Amino acid sequence: MSYKTIRRQVISSAIASTISSAWLGIDSAHAAEDSLSAKFSRNKLYFGSAVRIEQVMAEQDLRAVVLRECDCLTPEVALKWDAVEASPGAFDFRSMDGLTNFALANKKQLHGHTLLWHKSIPHWAASSLVEKGGWTLVQRYFQAVLSRYGHAIAQWDVVNEPIETGHRMDGLRNSPFLQAFGVDYIARALWEARQLAPQAKLMINEFGLEYDLRVEHDRRYLFLKLLERLKHAGVPLDGVGLQAHLDLSKGVLPADVLGRFLKDIADLGLFIVISELDVKEYEYVLPVVQRDARVADETRRYLDVALGQPAVRGVTTWGLSDRHSWLRVTKDDFARYPDAWKDGSSPGVNRGLPFDYSFKPKPMYRAIAEADLRRR
Ligand code: G3I
(Lines give C-alpha, C1' and ligand atoms only; values in the text may rest on other atoms or scores of the structure.)
Protein backbone atom coordinates (compact mmCIF):
# COMPACT_ATOMS: atom_id res chain seq x y z
CA MET A 1 0.00 0.00 0.00
CA SER A 2 1.58 3.30 -1.00
CA TYR A 3 2.43 5.97 1.54
CA LYS A 4 -0.01 8.35 -0.15
CA THR A 5 -2.80 5.78 0.08
CA ILE A 6 -2.05 5.26 3.74
CA ARG A 7 -1.98 9.00 4.32
CA ARG A 8 -5.35 9.35 2.58
CA GLN A 9 -6.66 6.47 4.65
CA VAL A 10 -5.40 8.05 7.88
CA ILE A 11 -6.78 11.41 6.92
CA SER A 12 -10.18 10.11 5.87
CA SER A 13 -10.42 7.94 8.96
CA ALA A 14 -9.26 10.84 11.17
CA ILE A 15 -12.02 12.99 9.68
CA ALA A 16 -14.58 10.28 10.24
CA SER A 17 -12.79 9.75 13.59
CA THR A 18 -13.98 6.15 13.22
CA ILE A 19 -10.55 4.59 13.07
CA SER A 20 -11.03 0.88 13.71
CA SER A 21 -9.55 -0.50 16.87
CA ALA A 22 -7.05 -2.47 14.79
CA TRP A 23 -5.75 0.79 13.35
CA LEU A 24 -5.58 2.35 16.76
CA GLY A 25 -3.84 -0.70 18.11
CA ILE A 26 -6.30 -0.98 20.97
CA ASP A 27 -5.99 -4.76 20.75
CA SER A 28 -2.20 -4.42 20.82
CA ALA A 29 0.11 -5.84 23.43
CA HIS A 30 0.06 -3.74 26.57
CA ALA A 31 3.28 -2.27 27.90
CA ALA A 32 5.45 -5.23 28.78
CA GLU A 33 6.91 -5.19 32.28
CA ASP A 34 10.43 -4.65 30.98
CA SER A 35 9.51 -1.93 28.50
CA LEU A 36 10.91 1.60 28.76
CA SER A 37 7.39 2.75 29.46
CA ALA A 38 7.13 0.45 32.48
CA LYS A 39 10.63 1.22 33.79
CA PHE A 40 10.23 4.99 33.48
CA SER A 41 6.69 5.20 34.83
CA ARG A 42 7.66 3.08 37.85
CA ASN A 43 10.03 5.96 38.67
CA LYS A 44 7.50 8.73 38.03
CA LEU A 45 9.12 9.54 34.67
CA TYR A 46 7.98 9.05 31.12
CA PHE A 47 9.70 7.74 28.01
CA GLY A 48 8.46 8.88 24.63
CA SER A 49 9.22 9.44 20.99
CA ALA A 50 8.55 11.81 18.13
CA VAL A 51 6.20 10.14 15.65
CA ARG A 52 4.25 10.67 12.44
CA ILE A 53 0.83 9.10 12.63
CA GLU A 54 0.97 8.12 8.96
CA GLN A 55 4.05 6.00 9.66
CA VAL A 56 2.57 4.56 12.87
CA MET A 57 -0.55 3.48 10.95
CA ALA A 58 1.39 2.12 7.97
CA GLU A 59 4.16 0.23 9.77
CA GLN A 60 3.03 -2.53 12.13
CA ASP A 61 6.53 -2.95 13.66
CA LEU A 62 6.69 0.77 14.47
CA ARG A 63 3.18 0.74 15.89
CA ALA A 64 3.94 -2.24 18.15
CA VAL A 65 7.09 -0.56 19.55
CA VAL A 66 5.30 2.76 20.07
CA LEU A 67 2.51 1.00 21.98
CA ARG A 68 4.92 -1.09 24.07
CA GLU A 69 7.69 1.39 24.83
CA CYS A 70 6.19 4.91 24.83
CA ASP A 71 4.13 6.83 27.35
CA CYS A 72 4.30 10.15 25.54
CA LEU A 73 4.11 11.00 21.83
CA THR A 74 5.43 14.14 20.15
CA PRO A 75 4.17 15.08 16.66
CA GLU A 76 7.37 15.30 14.60
CA VAL A 77 5.71 17.63 12.09
CA ALA A 78 1.89 17.53 12.33
CA LEU A 79 1.38 20.32 14.87
CA LYS A 80 3.74 22.89 13.38
CA TRP A 81 2.34 26.13 12.02
CA ASP A 82 3.33 25.42 8.41
CA ALA A 83 1.70 21.98 8.71
CA VAL A 84 -1.66 23.12 10.10
CA GLU A 85 -2.13 26.46 8.32
CA ALA A 86 -0.49 26.06 4.91
CA SER A 87 -2.92 28.68 3.59
CA PRO A 88 -4.14 31.65 5.64
CA GLY A 89 -7.13 30.71 7.78
CA ALA A 90 -7.45 27.25 6.16
CA PHE A 91 -6.51 24.91 9.03
CA ASP A 92 -5.81 21.26 8.29
CA PHE A 93 -5.76 19.24 11.50
CA ARG A 94 -6.34 15.80 9.98
CA SER A 95 -2.87 14.45 10.69
CA MET A 96 -2.79 15.83 14.24
CA ASP A 97 -6.38 14.60 14.80
CA GLY A 98 -5.20 11.15 13.72
CA LEU A 99 -2.35 11.22 16.24
CA THR A 100 -4.61 12.59 18.96
CA ASN A 101 -7.18 9.83 18.34
CA PHE A 102 -4.43 7.22 18.47
CA ALA A 103 -2.92 8.66 21.67
CA LEU A 104 -6.25 8.99 23.48
CA ALA A 105 -7.35 5.49 22.41
CA ASN A 106 -4.09 4.03 23.72
CA LYS A 107 -3.78 6.18 26.84
CA LYS A 108 -0.63 7.93 25.64
CA GLN A 109 0.28 11.49 26.68
CA LEU A 110 0.93 14.06 23.97
CA HIS A 111 3.63 16.75 23.93
CA GLY A 112 2.63 19.84 21.94
CA HIS A 113 5.52 20.53 19.57
CA THR A 114 5.68 23.38 18.61
CA LEU A 115 3.88 26.71 18.37
CA LEU A 116 6.45 29.40 17.45
CA TRP A 117 9.53 28.20 15.56
CA HIS A 118 11.36 30.27 12.96
CA LYS A 119 11.63 27.16 10.71
CA SER A 120 7.92 26.38 10.62
CA ILE A 121 6.37 29.74 9.75
CA PRO A 122 3.97 29.26 6.81
CA HIS A 123 5.42 30.82 3.65
CA TRP A 124 2.45 33.25 3.40
CA ALA A 125 2.86 34.44 7.04
CA ALA A 126 6.50 35.49 7.19
CA SER A 127 6.00 38.78 5.36
CA SER A 128 2.61 39.45 6.99
CA LEU A 129 4.03 39.13 10.52
CA VAL A 130 5.94 42.39 10.18
CA GLU A 131 2.92 44.26 8.87
CA LYS A 132 0.80 46.28 11.30
CA GLY A 133 -1.37 43.93 13.32
CA GLY A 134 0.77 40.91 12.44
CA TRP A 135 0.20 39.50 15.92
CA THR A 136 -3.42 38.75 15.05
CA LEU A 137 -2.07 36.01 12.74
CA VAL A 138 -0.30 34.45 15.71
CA GLN A 139 -3.42 34.84 17.86
CA ARG A 140 -5.65 33.17 15.24
CA TYR A 141 -3.20 30.26 14.95
CA PHE A 142 -2.83 29.87 18.75
CA GLN A 143 -6.61 30.06 19.18
CA ALA A 144 -7.21 27.37 16.53
CA VAL A 145 -4.60 24.95 17.90
CA LEU A 146 -4.98 25.47 21.65
CA SER A 147 -8.78 25.38 21.59
CA ARG A 148 -8.70 22.14 19.58
CA TYR A 149 -6.01 20.28 21.55
CA GLY A 150 -5.96 22.05 24.90
CA HIS A 151 -7.90 19.08 26.37
CA ALA A 152 -5.58 16.40 25.01
CA ILE A 153 -2.14 18.01 25.29
CA ALA A 154 -0.85 18.89 28.75
CA GLN A 155 2.54 20.42 27.86
CA TRP A 156 3.52 22.68 24.95
CA ASP A 157 6.72 23.93 23.34
CA VAL A 158 5.34 27.46 23.02
CA VAL A 159 8.64 28.79 21.67
CA ASN A 160 11.25 26.62 19.96
CA GLU A 161 14.93 27.55 19.58
CA PRO A 162 14.89 31.26 20.53
CA ILE A 163 18.65 31.41 21.15
CA GLU A 164 21.28 32.26 18.55
CA THR A 165 24.80 33.38 19.51
CA GLY A 166 26.92 35.89 17.65
CA HIS A 167 24.18 38.40 16.83
CA ARG A 168 22.60 40.13 19.79
CA MET A 169 23.96 40.73 23.28
CA ASP A 170 20.88 39.02 24.73
CA GLY A 171 21.49 35.99 22.49
CA LEU A 172 18.00 36.09 21.03
CA ARG A 173 17.66 34.72 17.51
CA ASN A 174 16.96 37.44 14.98
CA SER A 175 13.86 35.53 13.85
CA PRO A 176 10.85 36.95 11.95
CA PHE A 177 9.09 36.92 15.34
CA LEU A 178 11.71 39.14 16.93
CA GLN A 179 11.84 41.41 13.89
CA ALA A 180 8.05 41.77 13.88
CA PHE A 181 7.27 41.98 17.61
CA GLY A 182 10.53 42.82 19.41
CA VAL A 183 12.20 40.94 22.27
CA ASP A 184 8.88 40.62 24.12
CA TYR A 185 7.47 38.17 21.54
CA ILE A 186 8.45 35.26 23.80
CA ALA A 187 6.63 36.64 26.86
CA ARG A 188 3.70 37.67 24.63
CA ALA A 189 3.43 34.11 23.22
CA LEU A 190 3.52 32.58 26.71
CA TRP A 191 0.81 34.95 28.00
CA GLU A 192 -1.30 34.21 24.89
CA ALA A 193 -0.96 30.47 25.47
CA ARG A 194 -1.74 30.79 29.20
CA GLN A 195 -4.92 32.68 28.40
CA LEU A 196 -6.05 30.14 25.78
CA ALA A 197 -5.03 27.02 27.71
CA PRO A 198 -4.91 27.92 31.45
CA GLN A 199 -4.29 24.31 32.54
CA ALA A 200 -1.46 23.60 30.11
CA LYS A 201 2.22 23.51 31.11
CA LEU A 202 4.10 26.05 29.00
CA MET A 203 7.66 25.39 27.86
CA ILE A 204 10.57 26.71 25.83
CA ASN A 205 12.56 24.10 23.86
CA GLU A 206 16.22 24.57 22.86
CA PHE A 207 19.17 22.75 21.27
CA GLY A 208 22.98 23.00 21.42
CA LEU A 209 23.33 23.02 25.21
CA GLU A 210 25.32 19.83 25.87
CA TYR A 211 29.00 20.10 25.02
CA ASP A 212 32.21 21.70 26.26
CA LEU A 213 32.42 24.03 23.25
CA ARG A 214 32.63 27.82 23.46
CA VAL A 215 29.45 28.23 21.45
CA GLU A 216 27.54 25.81 23.69
CA HIS A 217 28.85 27.46 26.85
CA ASP A 218 27.54 30.74 25.44
CA ARG A 219 24.21 29.14 24.50
CA ARG A 220 23.75 27.71 28.02
CA TYR A 221 24.56 31.10 29.59
CA LEU A 222 22.26 33.07 27.27
CA PHE A 223 19.43 30.53 27.59
CA LEU A 224 19.64 30.67 31.38
CA LYS A 225 19.60 34.49 31.31
CA LEU A 226 16.46 34.40 29.14
CA LEU A 227 14.77 31.98 31.56
CA GLU A 228 15.76 34.16 34.53
CA ARG A 229 14.37 37.31 32.87
CA LEU A 230 11.07 35.59 32.09
CA LYS A 231 10.67 34.07 35.56
CA HIS A 232 11.65 37.30 37.35
CA ALA A 233 9.08 39.17 35.22
CA GLY A 234 6.38 36.70 36.31
CA VAL A 235 5.86 35.42 32.75
CA PRO A 236 3.93 32.10 32.71
CA LEU A 237 6.69 29.58 32.00
CA ASP A 238 6.54 26.13 33.63
CA GLY A 239 9.22 24.03 32.00
CA VAL A 240 12.07 23.64 29.56
CA GLY A 241 12.78 21.15 26.80
CA LEU A 242 16.44 20.30 26.25
CA GLN A 243 16.57 18.76 22.79
CA ALA A 244 19.78 16.78 23.40
CA HIS A 245 20.69 16.08 19.79
CA LEU A 246 23.99 14.54 20.89
CA ASP A 247 26.91 14.65 18.44
CA LEU A 248 30.00 12.41 18.53
CA SER A 249 32.11 15.06 16.80
CA LYS A 250 31.65 17.55 19.66
CA GLY A 251 34.05 15.99 22.14
CA VAL A 252 33.49 14.96 25.73
CA LEU A 253 30.19 15.69 27.47
CA PRO A 254 31.11 17.91 30.47
CA ALA A 255 29.14 16.08 33.16
CA ASP A 256 29.78 18.64 35.93
CA VAL A 257 28.93 21.62 33.70
CA LEU A 258 25.78 19.85 32.49
CA GLY A 259 24.75 18.93 36.02
CA ARG A 260 25.12 22.55 37.17
CA PHE A 261 23.22 23.81 34.13
CA LEU A 262 20.26 21.50 34.83
CA LYS A 263 20.34 22.53 38.52
CA ASP A 264 20.34 26.23 37.59
CA ILE A 265 17.23 25.62 35.47
CA ALA A 266 15.56 23.63 38.25
CA ASP A 267 16.43 26.37 40.78
CA LEU A 268 14.23 28.71 38.74
CA GLY A 269 11.30 26.42 39.59
CA LEU A 270 11.16 24.96 36.07
CA PHE A 271 10.71 21.30 35.21
CA ILE A 272 12.87 19.78 32.48
CA VAL A 273 12.22 17.25 29.72
CA ILE A 274 14.84 15.74 27.45
CA SER A 275 12.81 16.40 24.34
CA GLU A 276 14.60 15.19 21.17
CA LEU A 277 17.34 12.73 22.17
CA ASP A 278 19.35 11.13 19.38
CA VAL A 279 23.04 10.81 18.50
CA LYS A 280 24.79 12.05 15.34
CA GLU A 281 27.67 9.75 14.41
CA TYR A 282 30.32 10.12 11.71
CA GLU A 283 32.53 7.03 11.69
CA TYR A 284 30.22 5.25 9.24
CA VAL A 285 33.00 2.98 8.01
CA LEU A 286 33.47 1.39 11.43
CA PRO A 287 31.87 -2.01 12.06
CA VAL A 288 28.26 -1.59 13.18
CA VAL A 289 29.10 -3.07 16.60
CA GLN A 290 31.56 -0.23 17.25
CA ARG A 291 29.24 2.45 15.87
CA ASP A 292 26.40 1.24 18.10
CA ALA A 293 28.66 1.06 21.14
CA ARG A 294 29.76 4.68 20.68
CA VAL A 295 26.16 5.84 20.34
CA ALA A 296 25.14 3.89 23.43
CA ASP A 297 28.06 5.18 25.51
CA GLU A 298 27.23 8.81 24.66
CA THR A 299 23.57 8.21 25.50
CA ARG A 300 24.54 6.67 28.84
CA ARG A 301 26.88 9.54 29.69
CA TYR A 302 24.19 12.11 28.98
CA LEU A 303 21.36 10.30 30.79
CA ASP A 304 23.57 9.64 33.83
CA VAL A 305 23.66 13.41 34.30
CA ALA A 306 20.17 14.30 33.12
CA LEU A 307 18.32 11.62 35.09
CA GLY A 308 20.25 12.53 38.22
CA GLN A 309 18.36 15.87 38.25
CA PRO A 310 14.96 15.43 40.02
CA ALA A 311 13.43 18.25 37.91
CA VAL A 312 13.72 16.01 34.81
CA ARG A 313 10.30 14.54 34.08
CA GLY A 314 10.84 12.52 30.95
CA VAL A 315 12.97 11.51 28.00
CA THR A 316 11.77 11.61 24.40
CA THR A 317 13.88 10.31 21.54
CA TRP A 318 13.51 11.99 18.17
CA GLY A 319 12.17 8.84 16.61
CA LEU A 320 12.58 5.19 17.65
CA SER A 321 14.25 3.60 14.64
CA ASP A 322 17.07 4.64 12.28
CA ARG A 323 14.51 4.00 9.52
CA HIS A 324 12.80 7.30 10.33
CA SER A 325 15.70 9.37 11.67
CA TRP A 326 16.04 12.95 10.43
CA LEU A 327 19.79 12.40 10.79
CA ARG A 328 21.14 11.30 7.45
CA VAL A 329 24.60 10.51 6.10
CA THR A 330 25.21 13.93 4.55
CA LYS A 331 27.21 14.68 1.40
CA ASP A 332 30.05 15.93 3.64
CA ASP A 333 29.97 12.64 5.55
CA PHE A 334 30.08 10.72 2.27
CA ALA A 335 32.98 12.86 1.07
CA ARG A 336 34.81 12.13 4.28
CA TYR A 337 33.70 8.50 4.51
CA PRO A 338 33.17 7.23 0.93
CA ASP A 339 32.48 3.75 2.30
CA ALA A 340 29.53 5.06 4.33
CA TRP A 341 27.22 2.55 2.68
CA LYS A 342 29.44 -0.46 3.51
CA ASP A 343 27.14 -1.11 6.46
CA GLY A 344 24.40 -2.98 4.59
CA SER A 345 21.96 -3.14 7.47
CA SER A 346 21.24 0.58 7.48
CA PRO A 347 22.46 1.99 4.17
CA GLY A 348 23.09 5.71 4.36
CA VAL A 349 21.49 6.34 7.70
CA ASN A 350 22.73 7.43 11.03
CA ARG A 351 22.49 4.80 13.81
CA GLY A 352 21.54 7.28 16.52
CA LEU A 353 18.21 5.90 17.78
CA PRO A 354 17.28 3.00 20.11
CA PHE A 355 16.16 0.60 17.34
CA ASP A 356 17.79 -0.29 14.02
CA TYR A 357 16.20 -0.20 10.58
CA SER A 358 14.29 -3.45 11.28
CA PHE A 359 13.33 -2.45 14.82
CA LYS A 360 15.92 -4.65 16.48
CA PRO A 361 16.85 -2.98 19.78
CA LYS A 362 20.43 -1.65 19.76
CA PRO A 363 22.87 -0.94 22.61
CA MET A 364 21.37 2.58 22.79
CA TYR A 365 18.09 0.97 23.85
CA ARG A 366 19.93 -0.86 26.63
CA ALA A 367 21.68 2.37 27.68
CA ILE A 368 18.25 4.00 28.15
CA ALA A 369 16.77 0.90 29.82
CA GLU A 370 19.71 0.59 32.24
CA ALA A 371 19.80 4.28 33.16
CA ASP A 372 19.75 4.73 36.92
CA LEU A 373 16.25 6.06 37.51
CA ARG A 374 16.32 5.61 41.28
CA ARG A 375 18.01 8.93 41.97
CA ARG A 376 14.66 10.62 41.77
O1 G3I B 1 4.98 16.58 3.86
C2 G3I B 1 5.75 17.31 2.88
C3 G3I B 1 5.61 16.63 1.51
O4 G3I B 1 4.25 16.72 1.08
C5 G3I B 1 6.55 17.33 0.52
O6 G3I B 1 6.47 16.66 -0.73
C7 G3I B 1 7.97 17.27 1.06
C8 G3I B 1 8.96 17.92 0.13
O9 G3I B 1 9.10 19.27 0.45
O10 G3I B 1 8.02 17.96 2.34
C11 G3I B 1 7.20 17.29 3.30
O12 G3I B 1 7.28 18.01 4.52
C13 G3I B 1 8.52 17.79 5.19
C14 G3I B 1 8.20 17.28 6.60
O15 G3I B 1 9.41 17.13 7.38
C16 G3I B 1 7.49 15.94 6.53
O17 G3I B 1 8.36 15.02 5.90
C18 G3I B 1 9.23 19.13 5.31
O19 G3I B 1 9.62 19.54 4.00
C20 G3I B 1 10.45 18.96 6.19
O21 G3I B 1 11.04 20.25 6.43
C22 G3I B 1 10.04 18.39 7.56
O23 G3I B 1 11.24 18.21 8.29
C24 G3I B 1 11.06 18.14 9.73
C25 G3I B 1 11.69 19.40 10.35
O26 G3I B 1 11.68 19.30 11.79
C27 G3I B 1 10.95 20.66 9.96
O28 G3I B 1 9.62 20.59 10.44
C29 G3I B 1 11.80 16.91 10.21
O30 G3I B 1 11.11 15.75 9.73
C31 G3I B 1 11.80 16.88 11.74
O32 G3I B 1 12.56 15.77 12.23
C33 G3I B 1 12.45 18.18 12.26
O34 G3I B 1 12.40 18.16 13.66
C35 G3I B 1 13.07 19.28 14.32
C36 G3I B 1 12.24 19.69 15.53
O37 G3I B 1 10.94 20.04 15.11
C38 G3I B 1 12.93 20.83 16.26
N39 G3I B 1 14.30 20.45 16.67
C40 G3I B 1 15.14 20.01 15.54
C41 G3I B 1 14.46 18.83 14.82
C42 G3I B 1 15.33 18.32 13.69
O43 G3I B 1 15.49 19.31 12.71
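**Close-up 1. Crossing of helices H13 and H14 in the predicted model.** In this predicted model, helix H13 passes helix H14 in a right-handed crossing. H13 comprises residues 255-266 and H14 residues 288-306, and their axes come within 9 Å and cross at roughly 40°.

**Close-up 2. Residues around the ligand.** The ligand is surrounded by 13 residues, and the closest are Arg52, Glu76, Lys80, His113 and Glu276. Sorted by class, this shell consists of five charged, four polar and four nonpolar residues.

**Close-up 3. Polar side-chain atoms facing the ligand, with Lys80, Glu161 and Glu276.** A polar atom in the side chain of Lys80 lies 2.6 Å from an oxygen atom of the ligand, whereas Glu161 places a side-chain N or O atom 3.1 Å from a ligand nitrogen atom. For Glu276, a polar side-chain atom lies 2.7 Å from a nitrogen atom of the ligand. The ligand taken alone exposes 800 Å², of which the protein buries 49%.

**Close-up 4. The cis peptide bond between His113 and Thr114.** His113, one of the residues closest to the ligand, is joined to Thr114 by a cis peptide bond with an omega of about -20°. Thr114 itself is located in the loop between strand S3 (109-112) and strand S4 (116-117).

**Close-up 5. Backbone of Lys107.** Lys107, a residue other than glycine, has a positive phi near 50°, and its place is in the loop that lies between helix H7 (94-105) and strand S3.

Conventions. Residues are numbered from 1 along each chain as its sequence is written. This is a predicted model: local features need pLDDT of at least 70, side-chain atom pairs count only at pLDDT 80 or more; totals for chains, interfaces and linings use all residues. Side-chain values use heavy atoms; hydrogens and water are left out. A residue is near a molecule or strand if one of its heavy atoms lies within 4 Å of it. A polar contact is a pair of N or O atoms within 3.5 Å; within protein, one must be able to donate a hydrogen and the other to accept it, and residues adjacent in sequence count only if both atoms are side-chain atoms. Accessible areas come from the Shrake-Rupley method with a 1.4 Å probe; for residues, only the protein chains shown count as cover. Ala, Val, Leu, Ile, Met, Phe, Trp, Tyr, Cys and Pro count as nonpolar, Asp, Glu, Lys and Arg as charged, and the others, Gly among them, as polar. Axes are lines fitted to C-alpha atoms, for helices over the stretch in contact, and angles run from 0 to 180 degrees between N-to-C directions. Helices (H or I, at least four residues) and strands (E, at least two) are DSSP runs, numbered from the N terminus. A crossing is left-handed if the near helix is turned anticlockwise from the far one by less than a right angle, and right-handed if clockwise.
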